[in-house]
Amino acid sequence: MKVKKFTAMDILRQTIIMAVLIVMLFPIYWMIVTSLKPTNLILMNPPVFTFKPTLEHYIYAFEQANFALYIRNTLLAAIFSTIIVVVAGSLASYGFARYNVGGGNLMFFILTTRMMPAIAVVLPFFVIFRTAGNSAIGQFFHLGMDRIGTLVVCYTIFNLPFAIWLMHSFFQDIPVELEDSARLDGYSRIKVFFKVVLPLAAPGIAVTAIFCLLFSWNEYLFASILTRDMAKTITVGVGDFWTQRGILWGPLSAAATVCVMPMIAFALLLQKWIVRGLTFGAVRG
Amino acid sequence: MASVTLKQVHKRYGKVHAVRGISMEIQDGEFMAFLGPSGCGKSSTMRMIAGLEEITSGDILFDGESIIEKKPSQRNVAMAFETYALYPTLTVYENLAFPLRAAGMKGDEVDRRVQEVGEIIGITEIFDRKPAKLSSGQSQAVGLARALIRKPNVFLLDEPISHLDTSQRFHMRVYLKRLHLEFGHTMILVTHDQEDAMALSDRVAVMSEGILHQVDTPRNIYENPLDLFVAGFIGNLPMNFIDAQVKREDGYFYLVNKAMRVPLPEVFTPKAEAGQLPEEVVIGIRPYHISLVSSDTPGSVSAEIFVVEALGDMNVATVQLNGQRLQAVCPTTYRAAPHTPVALAMKAEHTLLFDKASGRRVPADR
């Protein structure tokens with residue numbers, strides 16, 4: 001067997017990678033470890049590294065702090081907003097990609113809605129949703145303060161521009177001749193979209209959907225201001241353990257771990273596609 | 001099969017006037033090529049015939065019946081694309097079956113037709129493969145097969161072979177020609193490659209900037225171009241153009257500029273006598289019709305060698321004449337260093353004259 005020789009450059013590279021990884025991963029490691037430590041060992045100084053793991057903090061988080069409800073809220077808001085974003089966004093970005101709707105200006109305008117800090121619109125949103133919650137239509141769509149419909153709308157508003165931009169590049173990658181050919185074969189434009197374009201754009205749409213789920217799952221600002229109890233999401237829920245009696249490090253770490261785990265799992269599973277999504281369709285489909 | 005008639009067809013994309021009033025008649029069973037540089041409107045014209053683009057004004061008729069209100073699928077045209085346009089998720093077989101199923105054909109019938117066309121094109125062994133696993137030649141064969149499968153009225157070929165490498169291109173070209181001779185479809189080929197256009201088609205329509213310059217047989221396009229654009233565009237070695245004036249001296253007519261003075265070819269004399277020749281003309285002569293001669297040859301023009309290239313089957317001498325460069329084809333044995341003085345003789349019977357002002361060719365009296 002050929003033994004690969006390491007050059008000084010290789011060693012330097014590996015060292016830097018190790019250093020970066022330690023800096024990046026240590027907080028996550030520490031969070032997980034803390035969530036499994038018995039309470040009396042958490043704040044020990046010097047820290048203990050060996051202990052008998054316990055699930056007590058997880059039990060506390062779910063039983064005392066209603067964490068199951070927060071997960072349910074987060075999932076509902078994320079899934080519904082993602083469905084709306086993907087359906088509306090794919091149609092919109094197809095229109096931009098193929099028919100040059102708005103001559104590029106409209107699409108840029110849509111993107112500009114992402115350019116302001118979200119905090120700038122939170123107060124207006126607060127007033128809008130409070131008012132909407134008092135109307136019959138608002139009630140029907142679960143709008144209002146501390147209601148999930150409000151989160152769905154917020155997440156849709158903030159994910160849609162991004163989704164349109166991302167999917168636009170995927171649609172542009174599909175050769176227009178395929179669509180021409182299908183039209184000659186007898187498909188209407190709508191049928192071409194559903195039968196030819198969508199199947200080819202499916203990977204791109206999936207990537208977009210994953211991003212929307214991630215963003216919604218991680219969202220904090222809107223949820224913290226527009227929800228209180230009933231519609232509270234998981235990211236806001238983590239803050240529950242910062243109490244008047246002090247910070248409950250164990251349950252807080254347990255909650256944070258629950259919050260982060262799905263994201264890490266997603267990222268590991270779908271690494272390849274996510275990287276492709278980030279390169280914005282630079283790779284041809 | 002059908003004849004195709006274009007009547008004053010215009011296409012505008014916003015401010016861009018891509019096709020400017022094209023009229024022509026394509027016979028039933030004819031192979032017509034739309035030839036021109038990119039952006040000349042040839043593809044737009046084809047897409048309007050297919051119904052993929054709306055027509056801005058004018059009319060398009062199949063067999064005398066206007067089809068501009070019809071959807072692409074109702075026109076029964078088939079198209080082969082430069083990029084093949086095969087559905088990447090379907091096998092070759094499914095790609096061929098797709099148009100038939102889209103048209104509502106069922107089970108056995110679809111299979112019979114797919115097998116039939118697969119055998120004609122010779123692609124039955126690759127039926128199970130996905131397009132990604134095909135060579136470019138195979139992909140284009142599948143593209144053609146898919147176009148053939150619906151027995152179209154008109155067969156449109158959008159640069160179908162310009163993507164292929166040289167040997168495959170020759171192969172596909174011969175193949176296309178044979179296909180046309182055997183099945184006699186009305187075929188329209190869009191290409192920027194004059195060789196493809198000349199080799200394949202019965203007639204060639206030369207276009208530039210949305211204007212139709214000339215529609216004629218390949219032979220006539222080559223020998224009797226109607227204007228400077230066609231003359232300069234057609235021919236692998238570009239035609240030589242020399243600015244000159246028509247002058248009368250001692251009762252004889254001459255073509256004169258600072259560096260040369262040659263007798264006006266006889267075929268133009270009657271026009272010159274009648275005063276119908278413009279004073280400022282452009283002489284057009286192909287490199288094949290200029291020869292290098294000894295300097296005492298009457299009517300020859302002196303020039304000097306710029307460079308001589310050996311192209312295998314001929315040598316091409318580029319010469320300097322009055323700061324202008326001309327090309328002449330010479331025997332493969334010919335060699336000469338730069339600045340060597342030479343004399344050129346132009347074959348009078350192959351000399352074309354163009355009106356410098358309008359760019360139109362001045363017809364000779366033959």
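Predicted model: local features only at pLDDT ≥ 70, side-chain atom pairs only at ≥ 80, totals over all residues.
**A salt-bridged interface and its surroundings**

Arg150(B) and Asp185(A) are both buried. Arg150(B) belongs to the loop between α4 (136-148) and β7 (154-158) of chain B, while Asp185(A) belongs to the loop between α9 and α10 of chain A, so the pair joins two chains.

The count of salt bridges between chain A and chain B is two. The other pair to consider is Arg47(B) and Asp180(A), whose side chains meet in a salt bridge at 2.6 Å, N to O. This pair also crosses between chains, running from helix α1 (residues 42-50) of chain B, where Arg47(B) lies, to helix α9 of chain A, where Asp180(A) lies. Are these two residues buried or exposed? The cut-off for a buried residue is a relative accessible area under 20%. Arg47(B) has a relative accessibility of 18% and therefore counts as buried. Asp180(A) has a relative accessibility of 3%, so this residue counts as buried too.

The interface around these pairs can now be described as a whole. On the side of chain A, 12 residues take part, and they are in contact with 21 residues of chain B. The area buried between the two chains is about 1500 Å², and carbon and sulfur atoms give 63% of that area. Five residue pairs are found in polar contact across the interface of chain A and chain B, both residues of each pair being at pLDDT 80 or more. Which elements of chain A give two or more residues to the side that touches chain B? They are α9 (176-184) and α10 (189-218) of chain A. The largest share of this side comes from α9(A), with seven residues. Sorted by class, the side of chain A that touches chain B consists of six nonpolar, two polar and four charged residues.

Chain A contains 14 helices and two strands. Along the principal axes, its C-alpha atoms fill a box of roughly 75 × 75 × 30 Å. Chain A has 285 residues, of which 43% count as buried. Among the contacts in chain A with a separation of 6 or more, 70% are between residues 24 or more positions apart.

Over all chains, the structure holds 20 of them. One links Arg248(B) with Glu273(B), the closest N and O atoms being 3.4 Å apart. Because Arg248(B) is in strand β11 (residues 240-249) of chain B and Glu273(B) is in helix α9 (residues 269-273) of chain B, the pair ties together parts that are 25 residues apart in sequence. Arg248(B) is partly exposed, with a relative accessible area of 48%, and Glu273(B) is likewise partly exposed, at 46%. Elsewhere in chain B, a network of salt bridges links Arg169(B), Arg173(B), Asp193(B), Glu195(B) and Asp196(B).

Two further residues of chain B complete this account. Asn257(B) is located in strand β12 (residues 252-257) of chain B. With a relative accessibility of 18%, Asn257(B) counts as buried. Its side chain reaches the backbone nitrogen of Ala259(B) at 2.9 Å. Apart from neighbours within four places in sequence, Asn257(B) is in contact with Ile242(B), Asp243(B), Ala244(B) and Asn322(B).

Thr124(B), by comparison, is found in the loop between α3 (107-121) and α4 of chain B. This residue is partly exposed, with a relative accessible area of 29%. Residues up to four places away in sequence being left out, Thr124(B) touches Gln115(B), Gly118(B) and Glu119(B). How far is the C-alpha atom of Thr124(B) from that of His289(B)? The two atoms are separated by 49 Å, and the residues are 165 residues apart along the chain.

How values were computed:
Residues numbered from 1 in each chain as written. Chains lettered and ligands numbered in written order. Heavy atoms only, no water. Contact = heavy atoms within 4.5 Å. Buried area = accessible area lost by both parts, 1.4 Å probe. Salt bridge = Lys/Arg side-chain N within 4 Å of Asp/Glu carboxyl O. Polar contact = N/O pair within 3.5 Å; in protein donor to acceptor, adjacent residues only side chain to side chain. Helix = DSSP H or I, 4+ residues; strand = E, 2+ residues; numbered from the N terminus. Nonpolar A, V, L, I, M, F, W, Y, C, P; charged D, E, K, R; others polar. Buried < 20%, exposed > 50% of the residue type's maximum accessible area, 1.4 Å probe, protein only.
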